[in-house]
Amino acid sequence: MSSPAHAIYSSTLSLSLQGHEFQPQYEVQLIFNATARSRLLCSAACSQNPSCRIFDYDSSSHRCRLFEAGLTNGAIIATASQTSIVGSMILSASLYASIYNQSCSACQENRYQTCSSTTNTCQCPGNSYWNGSMCPLQLFANATCSQIDACRSDLNLSCIINYYGEFTQCLLGINLFTIFVYENLNTDKIFHFLIKLKRCFDRQRSFR
């Protein structure tokens, strides 16, 4: 079941059946936990917050929780309260492609992209990244990643590149020196590794 939420930012939500709540995989994904007088106000709060991708609301307790999460790193689970419901944002490439990298006037009152003060263009909101078609949430530790900015940098995670110049997974506090030691590379291998790394970054730049 889906319904529109109209506020400062427009979005479309998919609603679960009654008797469910959202269970995040990480505590940091909970970005708001308070009360709201109605499900509509809770959904509006999510719609107005660019970080919010999922909310749950209990009409008995009026608990309203907003999450910076998706169903790839959390789950909709059954709960004892039959008045609890989960709403998740319906996202598609069409919401992003025509706006990304355009001047900031294109993303005014738009929840899906924000104006970058550095480039004065529309960019992905915090803790998300541009994958060529939309802005998925950045990944957590040990997740498989495919580009340099795919991991949660605010948690000191980096998308590790192996000797072959391939992105592998999000790991904590890893730098190139650590990779060299880990791979036990000699000087010649380091040189070739850096060449491959440069090519990888060049491909990433052209991708953008």
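The structure holds six salt bridges; a salt bridge here is a side-chain nitrogen of Lys or Arg within 4 Å of a carboxyl oxygen of Asp or Glu. This is a predicted model, in which local features need pLDDT of at least 70 and side-chain atom pairs count only at pLDDT 80 or more, while totals for chains, interfaces and linings use all residues. Residues are numbered from 1 along each chain as its sequence is written, and side-chain values use heavy atoms, with hydrogens and water left out.

**Stop 1: E21 and R63**

Select E21 and R63 and show their side chains, which meet in a salt bridge (3.1 Å, N to O). E21 lies in strand β3 (residues 20–24) and R63 in strand β6 (residues 63–67), so this pair ties together parts that are 42 residues apart in sequence. Strands (E, at least two residues), like helices (H or I, at least four), are DSSP runs numbered from the N terminus.

E21 is buried, with a relative accessible area of 19%, whereas R63 is partly exposed at 25%. Buried means under 20% relative accessible area, exposed means over 50%, and partly exposed is in between (1.4 Å probe, protein chains only).

**Stop 2: R65 and D56**

Next select R65 and D56. Their side chains form a salt bridge (2.6 Å, N to O). Are R65 and D56 buried or exposed? Both are buried.

**Stop 3: E68 and R152**

Move on to E68 and R152, whose side chains meet in a salt bridge of 3.6 Å, N to O. E68 lies in the loop between β6 and β7 (74–78), and R152 in the loop between β10 (122–123) and β11 (157–161), so the pair ties together parts that are 84 residues apart in sequence. Both E68 and R152 are buried.

Then go back to the residues of the earlier stops.

**Stop 4**

Finish with backbone angles. Select N142, in the loop between β10 and β11. Its phi is near 75 degrees, a positive value in a residue other than glycine. N142 counts as exposed, at 54% relative accessibility.

N156 also lies in the loop between β10 and β11. What is the phi of N156? It is positive, about 65 degrees, although N156 is not a glycine. With a relative accessible area of 47%, N156 is partly exposed.
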